[in-house]
Amino acid sequence: MGAANMRGARFVGSVQAAADYLAPGAIEVNRYQAEIFDLVRRRFVLGQRINQVPATGQPSRYFEQLTIGTASFVDPRAIATTASQPERVEKVVTLKAIVGQINYSIFDVEVNQQQGQFPYLEAKDLTDQVDAVLKQHDLKLWNGTDTDLVVPTSTQYYGISGQINSAPVLGGFNQVKTIGSSSSLVDGTKTQVAGMVARQDFEVKPSGFYMNPLFADLFDQEAKTVQLYYNEVEVIPGVIVKALPTQAGLLPLIPDAGLSVLPSGAQNQYSGAILSEEFVEYHWLTSPIPRVFQLGLVGNLAAQFVIVKFGAVVAKGPNYAHSWVLTTR
């Protein structure tokens with residue numbers, strides 16, 4: 001067989017391999033829908049509701065007031081008193097960094113552009129990488145592995161769960177509530193909120209109960225025969241949740257998949273956070289949203305984009321303004 005015939009044979013073989021079907025008058029080749037089916041989770045609820053404030057520096061600093069001055073009753077005809085003063089302490093929040101990177105091969109980008117089948121793909125992939133930074137941010141707001149806001153022990157955030165669970169008991173009220181496996185979730189939660197509101201040393205205002213959707217489902221199962229769920233609250237645009245009547249008013253039950261359900265033997269351990277949301281802050285540097293930087297082309301002409309986000313989360317007053325709720329079912 002001549003060289004030309006060999007080249008023709010190879011060409012026919014490659015077309016047959018690429019075609020779905022060959023017949024007289026028909027060559028069917030692969031075609032795809034122009035839209036990519038994509039339900040990948042990108043954000044969690046707390047990250048979209050958290051209070052965003054600019055950091056004061058590295059570390060970010062604020063003052064917390066623990067007491068006011070004292071007063072006493074005296075004999076009105078023999079007035080004598082002792083001066084007192086409020087107690088304030090300095091608090092710091094060490095900022096952290098989250099980064100992501102995506103590289104575009106110039107060859108692959110130009111092939112995609114020339115095919116014209118997914119014209120939006122370059123922009124989508126860059127947006128997805130930004131979302132990857134935000135997804136990591138949202139998750140670690142809850143469960144970041146650092147254990148100290150002052151002297152970091154990890155490059156991650158000091159998660160809200162760790163801040164509340166490791167806070168010392170203040171004023172005799174335990175901010176970590178464990179509800180027994182056979183006890184009422186509704187009653188246990190309402191009692192914990194009542195205890196927070198009843199404090200005489202701090203004026204606590206719980207505004208949301210965050211939990212994994214499976215934990216929220218346990219509340220639904222328990223409360224379906226109780227007149228609890230005529231109350232609804234919109235927590236983010238388009239998301240309406242049920243609210244639990246408490247001594248602090250209506251407490252929204254907010255499902256957030258960023259909170260995990262952990263195996264505990266033959267059962268599961270569920271956890272949730274009763275937050276005074278105005279006192280949960282994300283201290284950001286330069287911008288509260290991720291920033292995208294395009295680096296110079298490397299030797300193979302690949303374009304490099306780096307996404308960066310600087311900041312840290314703090315739950316102010318972790319031992320009185322918030323509570324952590326645990327149960328095993």
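Leaving out neighbours within four places in sequence, Tyr210 is in contact (heavy atoms within 4.5 Å) with Val45, Leu46, Arg49, Trp142, Ile254, Asp256, Leu259, Gly272, Ala273, Leu275 and Glu277. The model is predicted: local features need pLDDT of at least 70, side-chain atom pairs count only at pLDDT 80 or more, and totals for chains, interfaces and linings use all residues. Residues are numbered from 1 along each chain as its sequence is written, and side-chain values use heavy atoms, without hydrogens and water.

Tyr210 also belongs to the largest nonpolar core, which has 28 residues. Such a core is a set of buried Ala, Val, Leu, Ile, Met, Phe, Trp, Tyr and Cys residues joined through side-chain atoms within 4.5 Å; buried means under 20% relative accessible area, with a 1.4 Å probe and protein chains only. Trp142, Ile160, Tyr210 and Leu275 have the most contacts inside this core. H4 gives the most to the core, with 5 residues. Another core, of 23 residues, lies apart and includes Met196, Phe202, Tyr320 and Val325.

The structure holds 9 aromatic pairs (Phe, Tyr or six-membered Trp rings with centres within 6.5 Å; planes under 30 degrees apart are stacked, over 60 edge-to-face, the rest tilted). The rings of Tyr157 and Tyr282 are edge-to-face, because their planes stand at 70°, with centres 6.0 Å apart. Both residues, Tyr157 and Tyr282, are buried. Phe209 and Phe215 also pair edge-to-face, with ring centres 6.2 Å apart and planes at 80°. Phe209 and Phe215 are buried. One aromatic cluster is formed by Phe209, Phe215, Phe219 and Tyr270.

Notes
Buried means under 20% relative accessible area, exposed over 50%, partly exposed in between (1.4 Å probe, protein chains only). Helices (H or I, at least four residues) and strands (E, at least two) are DSSP runs, numbered from the N terminus.
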